[in-house]
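Reader: I have a new chain open and would like to go through it. Could you take me around?

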Amino acid sequence: MGDRVSDGAYLCTLDDVPDGGGFEARAEVLVLRRGDSAWAYRNVCPHFSIPLNYEPNTFCAYGGELLMCAHHSAMFRFEDGVCVDGPCLGASLTPVPIRIEGRKIRVDEQGPR
Ligand code: FES
């Protein structure tokens, strides 16, 4: 996959993502979900520029609020991808804008309409 995922590209459904957890929807795109809300980020930890998970499609999340990198335990907020604890405190995951159509999650490069 290149640096961009094309606008409108299908990622997954809300139901593919565990409530309060994460799902690697396609190469290097991680979708996080809490209830009917979802956020997507490149699956790259800003600490060492490696994937946030160690095992395929296995992500550590706490309380539907924080995602933990499997390597050195940096903690990222679901809502904005900011690291709030750990070795890259204050750094951010790279957001992938999305829209939810029905229960389908798609890339949304156009932003809110
Ligand atoms: S690589 Fe993610 S915390 Fe170090």
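**The hairpin and its sheet**

Author: In the hairpin of strand 9 and strand 10, Gly 102 takes a positive phi near 65°, and 2 residues lie between the strands. Strands here are DSSP runs (E, at least two residues), numbered from the N terminus. This is a predicted model: local features need pLDDT of at least 70, side-chain atom pairs count only at pLDDT 80 or more, and totals for chains, interfaces and linings use all residues. Residues are numbered from 1 along each chain as its sequence is written.

Reader: How many bridges join strand 9 to strand 10?

Author: There are 4, and the two strands run antiparallel. Two strands pair if DSSP finds at least two bridges between them. Glu 101 stands opposite Lys 104 in strand 10.

Reader: What order do the strands of that open sheet take?

Author: The order is 1-10-9, with 3 strands and antiparallel pairing. Strand 1 (10–13) and strand 9 (98–101) are the edge strands, each pairing on one side only. From one strand to the next the twist averages 25°; axes are lines fitted to C-alpha atoms, and angles run from 0 to 180 degrees between N-to-C directions.

Reader: And which residues in strand 10 are the bridge partners of Tyr 10 and Thr 13?

Author: Tyr 10 has Arg 106 as its partner, and Thr 13 has Lys 104. Strand 1 and strand 10 (residues 104–107) are joined by 3 bridges.

Reader: Changing topic: how many residues are in the largest nonpolar core?

Author: That core has 29 residues, and among those touching the most other members are Leu 11 and Val 29. A nonpolar core is a set of buried Ala, Val, Leu, Ile, Met, Phe, Trp, Tyr and Cys residues joined through C-beta atoms within 7 Å. Strand 1 and strand 10 are among the strands that each supply at least two residues of this core.

Reader: What about the whole chain: how many helices and strands?

Author: It comes to 0 helices and 10 strands. Of its 113 residues, 33% count as buried. The C-alpha atoms fill a box of roughly 35 × 30 × 25 Å along the principal axes.

Technical notes
Buried ≥ 20, exposed ≤ 12 C-beta atoms within 10 Å, placed from the backbone.
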